[in-house]
Amino acid sequence: MKKIYIVALSLLFTSNQLLAQQPMTIAPGLNINAPTAGTSGLKFNNLNVNTTVSTTPTKVLSLDASGNVILGNAASGGGSQWTTGLNNNIYYGVGNLSNVGIGTAEPFSPLVVRDAAGQSNTAVFQVEKTGNRTPLQSFVKFGGTSSAAAPITVGEMGVIQFSGSVDNSFGSWGPAASIKAVAKGTFSNTNIPGQLEFATTPTGSTGPNTGPISRMIINEEGRVGINTPTPMALLDVSSTPSTLNINPLINLMNDATNPITIKYTRNTGSNWAVTQETSPGQTNGTTSINWKFINTAGSPISLFGYSAGVFDINGAINASGNSTVGGNSTVTGTSTVGGTGFFGGRLTIGAASSITGVGVEIRSSAGTDANPDIYLKGTTNVIRLGNNVDANSLIQTSTSNNTPALANIVWKHLNNSISPGVSTPMMTLQGDGDLTVNGFTKLGSGADVPDIKTKVLTGTITAGAATETNASLTTVVTHGLTADKIIDVRVFLKNPNGNVVGEGFTDNRPTTPLAGYQFSTSFDGTNIYILRNNGNSSNLANTTGTLRATYRIYITYVQ
């Protein structure tokens with residue numbers, strides 16, 4: 001019987017038009033009829049059974065687009081391109097010739113799943129596993145082909161892209177965001193470096209082909225880069241120029257009652273940490289920021305903080321650079337500043353300040369030479385005291401040296417109201433105790449205590465003559481002062497023998513008194529006059545000019 005069927009089928013296909021118009025019966029229960037409207041081929045009844053009981057067609061032989069004979073279900077009206085391969089694997093199409101559409105008759109990609117009627121929170125595609133096993137969705141990139149595989153090299157491995165229609169043209173999509181996997185090296189069994197990139201499309205992008213821009217990456221070393229493709233730390237955040245108070249790098253927010261807390265701790269499971277607690281306010285007086293040491297075995301310990309315009313430090317300050325404090329600073333420890341310190345408010349060191357209006361207060365009861373309250377370390381140290389417009393200042397410069405006479409402190413006045421500034425020395429104190437005052441000195445207080453200054457003039461008296469005259473007996477020395485400012489003149493003469501005498505010297509000893517040393521002095525508005533005694537000054541200047549005394553004149557005058 002089977003041989004008859006096969007011969008009959010051959011004859012029937014050669015007479016396709018005739019059989020399609022006139023049904024035929026080959027054997028009981030096996031009928032050949034015209035196909036269903038809209039299909040091509042021949043329809044066979046009861047191919048699956050060898051009886052005449054069933055009258056409903058259940059199988060259909062038809063031709064596909066390539067001319068192949070397909071045996072399919074009668075309900076489908078034709079054949080199927082689904083194929084069973086090795087190990088009962090099912091596949092569809094060959095050589096990228098076919099797309100599969102689920103929920104759509106126009107799939108634009110190899111697989112398109114469309115849910116036109118489902119709810120927004122209903123999954124269109126869902127991966128499931130039973131037995132408490134983990135579902136896995138995998139993206140695999142071949143470096144070669146399925147028959148000639150090769151390792152992949154640096155480049156994209158897979159992209160999940162989120163797109164939406166941009167106009168009324170069906171199929172015109174605009175990508176808004178994407179998640180991309182990137183290979184960071186050639187793969188091998190011991191080297192599989194991968195990177196994730198998260199991208200978004202900015203506002204103002206034009207055209208459906210405008211791609212998302214990478215915003216954040218996680219590189220192969222686990223470093224996270226935000227707005228940077230090469231993170232240098234575990235978290236590297238970069239910013240383009242912007243107004244940082246409007247577009248900051250990091251913006252942390254909390255409710256109006258609880259502080260914003262950042263915790264710093266070790267990754268070894270330690271029970272201690274340092275926290276930063278910030279409570280922003282609408283004004284400076286209602287804003288605070290505090291750093292605390294947290295130990296689970298005890299209460300938090302405040303390290304330092306800022307609140308209501310006051311900066312409090314509970315430990316020591318050790319600044320190797322510049323230290324700038326714009327508000328009030330209370331320091332209970334020791335402050336060592338290696339650079340320059342600028343304090344715009346009140347600084348109290350040692351204890352809380354009890355004096356209103358004090359700029360800098362140091363409270364100590366144990367300061368010593370070895371442990372001073374203030375220690376400036378350097379060969380030359382400068383302290384400048386000036387006004388807040390930097391026009392005029394007093395400068396104290398100290399020079400250190402192992403030899404006391406070479407160490408000194410110099411006080412100067414600096415006038416910065418002109419350019420360049422002019423520095424005028426005021427007073428110098430040597431390390432051996434010598435004090436040099438460049439101005440007038442007032443020894444006491446009150447209007448009746450004069451400001452005085454001294455001046456020293458030195459030289460050699462006029463030579464004597466064989467016949468003495470007023471000119472040979474008089475030595476004239478210009479003083480350069482105002483006569484009514486001079487309050488005292490003292491003159492001392494020293495002859496070549498080393499004898500020093502003052503004005504009006506007389507030796508009243510009864511035996512071998514010194515003679516020839518007498519002189520007197522006077523001054524006017526221009527000069528000081530030394531007058532030798534005509535008959536008793538031969539030891540000050542002789543008549544031949546070979547002996548001449550030297551003079552020292554000390555002048556005291558008022559301002």
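Reader: Is Phe440 buried, partly exposed or exposed, and what is its relative accessible area?

Author: Please keep in mind that this is a predicted model. Phe440 is partly exposed, because its relative accessible area is 30%, and the term applies to values between the limits of 20% for buried and 50% for exposed.

Reader: Which kind of pair do the rings of Phe440 and Tyr557 form, and why?

Author: The general idea is to look at the distance between the ring centres and then at the angle between the planes, since planes over 60 degrees apart count as edge-to-face and those under 30 degrees as stacked. In this case the planes of Phe440 and Tyr557 stand at 90° with the ring centres 5.8 Å apart, so the pair is edge-to-face. Phe440 belongs to the loop between strand S32 (435–437) and strand S33 (441–442), while Tyr557 belongs to strand S40 (residues 550–558), so the pair ties together parts that are 117 residues apart in sequence. Tyr557 itself is buried, with a relative accessible area of 12%.

Reader: What sits over the ring of Phe440?

Author: The charged end of Lys453 sits there, 5.3 Å from the centre of the ring. Lys453 is also eleven residues from Lys442 in sequence, and the C-alpha atoms of these two lysines are 8.9 Å apart in space. Lys442 has its place in strand S33 and is partly exposed, with a relative accessible area of 37%. When residues up to four places away in sequence are not counted, Lys442 touches Val449, Pro450 and Asp451.

Reader: How many aromatic pairs does the structure hold, and what is the geometry of the one formed by Trp291 and Phe304?

Author: The structure holds four aromatic pairs. Trp291 and Phe304 form a stacked one, with 4.7 Å from centre to centre and 25° between the planes. This pair links distant parts of the chain, for Trp291 lies in strand S18 (residues 288–295) and Phe304 in strand S19 (residues 301–307), 13 residues apart. Phe304 is partly exposed, at a relative accessible area of 30%.

Reader: How many salt bridges are there, and where in the chain are Glu156 and Lys180?

Author: To read a salt bridge, one looks for a side-chain nitrogen of Lys or Arg within 4 Å of a carboxyl oxygen of Asp or Glu. The structure holds six salt bridges, and one of them joins the side chains of Glu156 and Lys180, at 2.9 Å from N to O. Here distant parts of the chain are linked, with Glu156 in strand S10 (residues 155–165) and Lys180 in strand S11 (residues 173–183), 24 residues apart. Glu156 is partly exposed, with a relative accessible area of 43%.

Reader: Which residue forms a salt bridge with Arg490, and which one meets Arg509?

Author: Arg490 is joined to Asp488, their closest N and O atoms being 3.5 Å apart; Arg490 counts as partly exposed at 48% relative accessibility, and Asp488 is partly exposed at 29%. The partner of Arg509 is Asp507, at 2.7 Å from N to O. Asp507 is buried, with a relative accessible area of 15%, whereas Arg509 is partly exposed, at 45%.

Reader: Which residues form the nonpolar patch on the surface?

Author: The patch is formed by Val360, Ile362, Ile374, Leu376, Ile383, Leu385, Leu394 and Met426, which together have about 690 Å² of accessible area. Strand S27 (360–362) and strand S28 (380–386) are the elements that give two or more residues to the patch. Ile374 is found in the loop between S27 and S28, and at 56% relative accessibility Ile374 counts as exposed.

Key: Residues numbered from 1 in each chain as written. Predicted model: local features only at pLDDT ≥ 70, side-chain atom pairs only at ≥ 80, totals over all residues. Heavy atoms only, no water. Phe/Tyr/Trp six-rings, centres within 6.5 Å; stacked < 30°, edge-to-face > 60°. Helix = DSSP H or I, 4+ residues; strand = E, 2+ residues; numbered from the N terminus. Buried < 20%, exposed > 50% of the residue type's maximum accessible area, 1.4 Å probe, protein only. Lys NZ or Arg CZ within 6 Å of the ring centre and 35° of its normal. Patch = residues over 30% accessible without salt bridge, like charges linked within 9 Å, V, L, I, M, F, W, Y side chains within 5 Å. Areas by Shrake-Rupley, 256 points an atom, 1.4 Å probe, with all protein chains shown as cover. Contact = heavy atoms within 4.5 Å.
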